[in-house]
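Hi,

Here is the structure I promised to pass on. Have a look at it first, and my notes on what turned up are below.

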Amino acid sequence: MKDSAGGRPRGLRGIARTWAEVLVRPQRAFANGVTPGDQAPALTFAVAVAAAFTLGWIASDPAAMPVVVPSSRLLSEAVVFLVVVALAAPVGLHLTAAVATVSVVLASVEFDGGLGLRDRGGVSETVQAVAYASSPMALAGPAIPELRVVCGAYAAILLFVGLRTVHGLGPVRTVAAALPPAALGYGVGYRVVAAARTLLGA
């Protein structure tokens with residue numbers, strides 16, 4: 001990530017390199033790869049993760065896919081995939097990032113002779129942290145509850161690392177900032193909560 005213009009490498013090879021670095025060296029990846037005002041690569045990355053997740057889900061549990069075209073299951077799966085890539089992934093990223101932004105602002109509140117906010121990064125950095133922290137979810141597509149729970153937990157940890165790195169918050173404040181977007185984006189969006197309920201028999 002550190003050798004690219006704009007904070008991170010571009011193209012399919014760049015996405016793969018970024019994905020591997022976030023998984024293996026997250027603090028370095030967030031420190032070097034998050035650049036103020038440069039959200040486009042993060043959006044592309046988030047769409048790629050969602051695409052990988054959806055392909056894994058379709059391949060392992062085709063019966064769970066909605067029947068959009070009754071005469072063709074394959075065409076129905078293609079429509080579902082396109083909807084995820086073109087609509088659900090971008091909307092989900094920005095919705096999760098909006099929740100994360102509010103959480104970061106609330107976690108930045110301090111009382112030191114009056115009400116104020118700690119110095120922190122901007123909204124763009126938050127969007128990028130949310131996108132790159134979703135890296136493990138690319139592996140969570142197969143309908144294996146244990147796998148989804150592990151991937152979701154790791155994504156939440158990566159979001160903690162990302163928000164702390166780009167916003168400079170302390171550990172307690174970062175946990176408070178990371179929990180709501182992680183629960184929404186990874187827990188609900190990537191069905192980690194549903195997988196956990198399956199494991200618990202709820």
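One term before anything else: I call a residue buried when its relative accessible area is under 20%, exposed when it is over 50%, and partly exposed in between, using a 1.4 Å probe and protein chains only. On that scale, 43% of the 202 residues in the protein chain are buried.

Please keep in mind that this is a predicted model: local features need pLDDT of at least 70, side-chain atom pairs count only at pLDDT 80 or more, and totals for chains, interfaces and linings use all residues. Residues are numbered from 1 along each chain as its sequence is written, and side-chain values use heavy atoms, with hydrogens and water left out.

**Overall layout**

The protein chain has eight helices and two strands; these are DSSP runs numbered from the N terminus, with helices being H or I of at least four residues and strands being E of at least two. In sequence order the pattern is α-α-α-α-β-β-α-α-α-α. The C-alpha trace spans about 65 × 45 × 25 Å along its principal axes. The radius of gyration, taken over C-alpha atoms, can be set against a globule rule of 2.2 Å times the number of residues to the power 0.38. A compact globule of 202 residues would come out near 17 Å, and the protein chain has 17 Å, so the two agree.

**Charges**

Side chains of opposite charge can pair when their charged atoms come close. Arg28 counts as partly exposed because its relative accessibility is 33%, while Glu21, at 7%, counts as buried.

**Aromatic rings**

Rings of Phe, Tyr and Trp (its six-membered ring) pair if their centres lie within 6.5 Å; planes under 30 degrees apart are stacked, over 60 edge-to-face, and the rest tilted. Searching the whole structure gives three aromatic pairs, and ring pairs link Phe53, Trp57 and Tyr190 into a cluster. Trp57 also has a charge over its face: Arg148 lies there, 5.0 Å from the ring centre. For that, NZ of Lys or CZ of Arg must be within 6 Å of the ring centre and within 35 degrees of the ring normal.

Which residue does Gln27 approach in space, 138 residues away in sequence? That is Thr165, with the C-alpha atoms 6.8 Å apart. Gln27 sits in helix 2 (residues 26-33) and is exposed, at 56% relative accessible area.

Ser108, in the loop between helix 4 and strand 1 (109-111), is buried with a relative accessible area of 0%. Its C-alpha is 7.2 Å from that of Arg173, 65 residues away along the chain.

Glu146 belongs to helix 6 (residues 145-167) and is partly exposed at 45%.

**Two more things to look at**

Val83, Leu87 and Val91 make a nonpolar surface patch of about 260 Å². Patch members have over 30% relative accessible area and no salt bridge; like charges are joined within 9 Å and nonpolar side chains (Val, Leu, Ile, Met, Phe, Trp, Tyr) within 5 Å. Areas come from the Shrake-Rupley method with a 1.4 Å probe, and for residues only the protein chains shown count as cover. Val83 is in helix 4 (residues 73-107) and, at 43%, partly exposed.

Finally, Arg191 has a positive phi of about 65° although it is not a glycine. Arg191 lies in the loop between helix 7 (171-188) and helix 8 (192-200) and is partly exposed at 36%.

Cheers

Methods
Salt bridge = Lys/Arg side-chain N within 4 Å of Asp/Glu carboxyl O.
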